[in-house]
Amino acid sequence: MFTGIVEELGEVVAVENLGDSSRFRLRGPVVTEDAKHGDSIAVNGVCLTVVDTADGEFTADVMAETLNRSSLGALAAGSRVNLERPMALGGRLGGHLVQGHVDGTGTIVERTPGEHWEIVKIALPAALARYVVEKGSITVDGVSLTVVDAADDYFTISLIPTTLALTTLGIKKAGDPVNLEVDVLAKYVERLLGQGTSHASDIKDLEEVKEMDR
């Protein structure tokens, strides 16, 4: 579990194509301080398992499912990436609950600079629109952000100087893809309400049958 508070702006050192998967080597001195084989590190919001670490770098295997659902497949040596270690139990929850399980990708449509911030408009896949609400939380390339405006096919976010300086969102441009993870609580609520509606309908049908039998 992560919080969407990026710890470090890392870099892809190498990408090895293994056919139906890829092996990434990434530089991140901060996130590898206490990392060991089997640990998790979020890379642009994607939870990856550490294979090994050495000299401030770590390697991770990325399966076809992850490459198909995220923008990691577009990364190459030299690409900058947002890195975050998992949240420690008992620590502060600075952003929101983030699983590192990407729901889909969006595309930066435009950037509008302000005096001390920048508004970024991101195209939103139709399947995710129902989970994105004004003033709600969303994770963009692993960064926990508050939605400013939400529409059926896009949403906007406001980036403060710290976010612009310390994450890849400061260097992304119009046309670039970004990984999106919506609030998992919204998905659970939707699922439970759907089951609840079905269950209520079943009970009503059963009551009608009992009434007919009387």
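This is a predicted model: local features need pLDDT of at least 70, side-chain atom pairs count only at pLDDT 80 or more; totals for chains, interfaces and linings use all residues.
Student: Why does Met-1 count as partly exposed?
Tutor: Good one to check by eye! Partly exposed lies between buried (under 20% relative accessible area) and exposed (over 50%), with a 1.4 Å probe and protein chains only. Met-1 falls in that range because its relative accessible area is 46%.

Student: Which loop holds Leu-18, and what is its relative accessibility?
Tutor: Leu-18 lies in the loop between S1 and strand S2 (21–27). Leu-18 is also classed as partly exposed, so we expect an intermediate value, and its relative accessibility is 39%.

Student: How far is the C-alpha atom of Leu-18 from that of Asn-68?
Tutor: Along the chain, Leu-18 and Asn-68 are 50 residues apart.

Student: How much space lies in the largest pocket?
Tutor: A pocket is an open set of 1 Å grid points over the protein atoms alone, where a 1.4 Å probe fits, with protein on both sides within 12 Å along at least five of seven lines. Points join across faces, edges and corners, and the volume is the space filled by probe spheres set on them. For the largest pocket this gives about 310 Å³.

Student: Which element gives the most to the lining of the largest pocket?
Tutor: Lining residues have an atom within 4 Å of a point; there are 16 here, and those closest to the centre include Val-143 and Ser-144. Strand S11 (154–159) and helix H2 (161–166) are among the elements that each supply at least two. With four residues, the top contributor is S10.

Student: What is the volume of the second largest pocket?
Tutor: Its lining includes Asn-44, Arg-80, Lys-172 and Asp-176. The volume of the second largest pocket is about 230 Å³.

Student: What share of the protein chain is buried?
Tutor: The chain has three helices and 12 strands, and its C-alpha trace spans about 80 × 45 × 40 Å along its principal axes. Of its 214 residues, the buried share is 37%.

Methods:
Residues are numbered from 1 along each chain as its sequence is written. Side-chain values use heavy atoms; hydrogens and water are left out.
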